[in-house]
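Trainee: Could you take me slowly through one part of this model, namely the packing of a pair of helices, and then show me which details of the backbone deserve a careful look?

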Amino acid sequence: MSLRPLLLSNARLLDPATGQETPGSVLVREGRIADIAHGAAPGAPEGAERIDCGGNVLAPGLIDMRAFVGEPGAEHRETLASASAAAAAGGVTTLVCMPDTNPVIDGPAIVDFVLRRARDTACVTVLPAAAVTKGLAGREMTEFGLLQEAGAVAFTDGLKAVTNAQVMRRALTYARDFGALIMQHVEEPDLVGEGVMNEGEFASRLGLAGIPREAETVMLERDIRLVRLTGARYHAAMISCADSVEIVRRAKEAGLPVTCGVSVNNLVLNENDIGHYRTFCRLAPPLRHESDRQAVVEALKEGVIDAVVSDHNPQDVETKRLPFAEAADGALGIETLLGAAMRLVHTGDIGLPRLIQALTAAPAKILGREAGRLTAGAPADLVLIDPDLPYVLDKRQLKSRSKNSPFDEARLQGAAALTLVGGRVVHRLPEIAVAA
Amino acid sequence: MTQVAPPSFPHRHLLGIEGLTRPEIEGLLDRADAAVDVSRQVEKKRNVLRGRTQINLFFEPSTRTQSSFELAGKRLGADVMNMSVASSSVKKGETLIDTAATLNAMRPDIIVVRHQSAGAVHLLARKVDCSVVNAGDGAHEHPTQALLDALTIRRNKGRIEGLQVAICGDVLHSRVARSNIISLQALGARVRVIGPTSLLPSGIARFGVEVFTDMREGLRDCDIVMMLRLQRERMNGSFVPSVKEYFRYYGLDGDKLALARPDALVMHPGPMNRGVEIASDIADGAQSLIREQVEMGVAVRMAVLEALASHLPNG
């Protein structure tokens with residue numbers, strides 16, 4: 001299907017590669033960025049559509065490395081269609097879906113199924129991550145080579161860590177030969193035990209069992225030793241505490257092929273947001289102390305933490321409207337990823353260019369994708385960000401099939417005004433007009 | 001006893017000690033003193049709750065707390081219905097919220113709830129129109145236990161202000177300990193906790209208590225020694241190595257009690273594990289208030305129900 005050329009003019013172009021913000025315009029043709037003009041907009045080509053960006057920020061579309069979708073197996077919580085609609089509304093143009101489905105994404109046929117379903121029903125790019133171990137059982141490794149050929153972009157056991165050190169060692173060893181990326185959920189389940197929130201005074205006051213920071217650091221330290229042993233590419237999916245930052249920093253200084261992410265929740269919320277047992281703030285890793293939050297924000301700013309993820313995990317009332325200790329982990333996130341992360345920009349904790357870099361170019365590089373760039377020839381996956389738009393989040397307006405947002409009724413500032421995937425408009429606020 | 005009209009209780013529910021002011025706690029204790037007198041009469045029945053329905057909803061088995069609330073409600077004239085988890089639809093997969101909605105539709109005036117999960121009673125309270133009393137939620141709070149303990153202490157020592165109280169044993173899993181720490185501190189006592197670190201909550205020192213892992217040291221100069229129950233499943237290697245070892249270091253026996261003040265009094269919320277956290281002769285000895293605690297339990301629950309009655313519709 002051929003699209004008419006599209007000229008996006010009067011924008012502040014944010015190039016994550018350089019961190020520069022310059023006035024300019026972008027010409028989109030046949031799904032790709034055809035030309036970038038700085039300064040005054042050039043004339044639109046014959047037959048082109050035109051969008052006046054109104055001085056808002058035009059950046060590559062966001063790439064979310066961690067989203068749980070529910071298709072196949074839990075379509076009542078989320079489908080590829082609903083997840084991608086939520087993504088588009090949040091300015092996310094690529095999402096990596098986790099293998100925690102039913103059946104598990106642990107064979108090439110299921111990767112193929114997800115990709116075909118996404119092609120037919122999703123409006124953003126969906127990249128499946130396949131399981132490290134068959135059935136997420138933590139014992140036998142999956143077919144890394146065949147899975148990669150089928151389109152798996154990385155390997156992870158999703159919500160679960162690969163706990164057996166021997167299994168992890170062999171997976172890393174084998175993954176290196178195929179250049180495969182192992183993404184680990186860094187949580188030692190025995191140390192988590194019955195814990196449901198960050199260990200400390202607040203958990204003790206609520207009478208809830210705590211999760212020590214060591215549940216994360218012990219697993220992370222072990223994994224990094226195994227990376228040193230094997231030389232494989234390793235990505236810690238999400239870290240949540242100050243000690244983990246130091247572990248990753250040391251690994252990077254030692255030149256190990258280690259990267260890491262952070263959930264937007266751990267960047268803008270802390271354990272106090274649990275308040276009186278709000279289950280929407282029950283997360284894995286848990287919301288930590290304010291000092292940990294500040295440490296991960298700082299680490300993101302410095303680049304010790306590479307990428308920001310939504311950790312989008314739709315849950316329904318059956319799994320969330322329960323006493324805190326009995327509820328499931330997880331929160332919606334993909335649609336609020338940008339708006340929530342923008343809090344850090346508005347508080348002055350982080351500059352918009354670095355934030356956008358961590359949401360675009362950094363994940364693209366880790367995943368080896370050509371998206372996430374604002375250069376001629378790159379895919380026309382773009383987001384127009386109105387950085388100052390204020391609103392109160394209403395969960396009923398969310399596109400997701402589930403409603404477990406920790407930001408319900410929160411005051412947010414900054415949103416995606418327009419989202420393009422492959423040059424096609426997949427989301428547009430009414431204030432943005434398309435002229436023929 | 002001179003009767004002064006207690007100040008009205010400003011809360012619709014009693015979900016915890018946290019959030020209560022010292023005058024509110026003392027007001028409940030004053031009401032409870034009067035209820036003790038009522039309970040010691042031949043004619044024990046009053047009509048404060050006549051025509052009212054009280055549901056005791058117990059998701060965890062409990063003999064003494066449930067019967068204590070039942071007696072308290074009946075002595076005030078309420079119609080009391082006991083629901084325990086074994087006979088309820090919760091076993092059939094109904095959620096707490098659904099149970100709350102179902103019970104709410106039956107128009108009770110007061111629901112007394114015990115649940116194994118911290119915060120469950122708060123959750124339920126948000127979904128019903130009547131008053132809710134927390135009869136214990138996970139390791140969070142057990143407010144009526146703390147009130148009955150305070151009443152027992154006040155009646156025996158004449159005061160709470162300035163007393164040195166030691167709370168000993170499995171503080172980690174204890175809602176009784178949490179409620180008592182908050183309550184006793186609000187009433188002016190100095191509180192210590194004593195136990196192996198594996199049974200103490202993280203950050204416990206931030207509660208403003210003194211922390212001891214050596215019981216002999218911790219009991220020195222104490223006016224009140226409050227023992228906690230150690231659950232059977234935690235005795236054998238998971239939190240402490242064995243009953244034998246636990247009793248040796250953290251069980252209250254005559255030798256250890258002798259280190260407290262000579263007029264020290266011993267308390268236990270029950271049910272006791274004799275020979276685990278407390279020696280039999282101490283439990284039954286002259287310094288023990290354990291039986292009296294049970295009597296005070298009924299009185300305190302009458303006081304709480306009566307205080308909440310003023311918030312009932314048409315009350």
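This is a predicted model: local features need pLDDT of at least 70, side-chain atom pairs count only at pLDDT 80 or more; totals for chains, interfaces and linings use all residues.

Mentor: Helices are taken here as DSSP runs of type H or I with at least four residues, strands as E runs with at least two, and they are numbered from the N terminus.

Now to the pair of helices you asked about. Two packed helices are described by the angle between their axes and by the distance between those axes. In chain A, the axes of helix H8 (residues 242-253) and helix H10 (residues 290-302) come within 8 Å and cross at roughly 30°. Angles under 35 degrees count as roughly parallel, and H8(A) and H10(A) are therefore roughly parallel to each other. On the side of H8(A), the residues that take part are A:Ala242, A:Val245 and A:Arg249, and they meet A:Asp292, A:Ala295, A:Val296, A:Ala299 and A:Glu302 of H10(A). Sorted by class, this contact of H8(A) with H10(A) is made up of five nonpolar and three charged residues, with no polar ones.

Helix H8 of chain A also contains A:Ala251, which has a relative accessible area of 3% and is buried. Leaving aside residues up to four places away in sequence, A:Ala251 touches A:Ile224, A:Leu256 and A:Val258. A:Glu221 is 30 residues from A:Ala251 in sequence, while their C-alpha atoms are 9.3 Å apart in space.

A:Ser263 counts as buried, at 1% relative accessibility, and a polar atom of the side chain of A:Ser263 lies 3.0 Å from the backbone nitrogen of A:Asn265. When residues up to four places away in sequence are not counted, the residues that A:Ser263 touches are A:Met238, A:Val309, A:Ser310 and A:Asp311.

As for the backbone, a cis peptide bond is also found in chain A, where A:Asn102 is joined to A:Pro103 with an omega of about 5°; A:Pro103 has its place in the loop between strand E7 (92-97) and helix H2 (108-121) of chain A. Positive phi values in residues other than glycine are worth checking too, and one of these is at A:Asn10, where phi is near 60°. A:Asn10 is found in strand E1 (residues 6-15) of chain A, and its relative accessible area of 42% makes A:Asn10 partly exposed. In chain B, B:Arg107, which is not a glycine, has a positive phi of about 55°. B:Arg107 sits in the loop between helix H3 (96-105) and strand E3 (110-115) of chain B and is exposed, with a relative accessible area of 70%.

For a helix that is largely enclosed by the rest of the structure, turn to H1(B), in which 13 of the 18 residues are buried. Helix H1 of chain B covers residues 22-39 and reaches 25 Å from its first C-alpha to its last, close to the 26 Å expected at 1.5 Å a residue.

Notes:
Residues are numbered from 1 along each chain as its sequence is written. Chains are lettered from A and ligands numbered from 1 in the order in which they are written. Side-chain values use heavy atoms; hydrogens and water are left out. Axes are lines fitted to C-alpha atoms, for helices over the stretch in contact, and angles run from 0 to 180 degrees between N-to-C directions. Angles under 35 degrees count as roughly parallel, over 145 as roughly antiparallel, 65 to 115 as roughly perpendicular and the rest as oblique. Contact means heavy atoms within 4.5 Å. Ala, Val, Leu, Ile, Met, Phe, Trp, Tyr, Cys and Pro count as nonpolar, Asp, Glu, Lys and Arg as charged, and the others, Gly among them, as polar. The expected span of a helix is 1.5 Å times one less than its number of residues. Buried means under 20% relative accessible area, exposed over 50%, partly exposed in between (1.4 Å probe, protein chains only). A polar contact is a pair of N or O atoms within 3.5 Å; within protein, one must be able to donate a hydrogen and the other to accept it, and residues adjacent in sequence count only if both atoms are side-chain atoms.
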